[in-house]
Amino acid sequence: METTTELNEIRNRTNRRIFDFENKIKNLKKAIADDDDQKECLSCRFVTGVRMGLAKISSTNCKLCQKEVLSGSTDLNHLCDNCATKNGLCVRCGCNKNEVKDSIQKILK
Ligand SMILES: [Zn+2]
Ligand SMILES: [Zn+2]
């Protein structure tokens, strides 16, 4: 059987998980309500989460215009700022930001 210390640890972990998750959903709903437009889509911001790449300068080419895209991490953006902004796409994953937002909005209802 688990000791009291282990049970407390599980309790704490569980509470932290619930707290983190509630915050995530709250921020997600707020971002939708405020219509706050960022370079990254809601999925990249709230679902994919923190970038896991190594902190080193890396480069790739924009998937639309082939321009070189520099990044401070090995987790590279899909598009350059210009192409992403011009086409309403997520700079990180290259998806259509508004379609993602509309779908998430429907799911949350
Ligand atoms: Zn581009
Ligand atoms: Zn994205």
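This is a short chat about a predicted model of one protein chain.

Colleague: What should I know about the model before I start?
Modeller: It is predicted, so local features need pLDDT of at least 70, side-chain atom pairs count only at pLDDT 80 or more, and totals for chains, interfaces and linings use all residues. Residues are numbered from 1 along each chain as its sequence is written, while chains are lettered from A and ligands numbered from 1 in the order in which they are written.

Colleague: How many helices and strands does the protein chain have?
Modeller: There are 4 helices and 2 strands. Both are DSSP runs, numbered from the N terminus: helices are H or I with at least four residues, strands E with at least two. Along the sequence the pattern reads α-α-β-β-α-α.

Colleague: What span should helix α1 have?
Modeller: Helix α1 covers residues 4-33, so at 1.5 Å a residue its 30 residues should span 44 Å. The rule is 1.5 Å times one less than the number of residues. Its end C-alpha atoms are 43 Å apart, which agrees.

Colleague: How many residues of α1 are buried?
Modeller: The count is 0. Buried means 20 or more other C-beta atoms within 10 Å of a residue's own; exposed means 12 or fewer, partly exposed is in between, and C-beta atoms are placed from the backbone.

Colleague: New topic. Which domains are assigned?
Modeller: Domain 1 is 1-36 and domain 2 is 38-109. The bounds come from an automatic or database assignment.

Colleague: What separates their centres?
Modeller: 26 Å, taken over C-alpha atoms, lies between the centres of domain 1 and domain 2.
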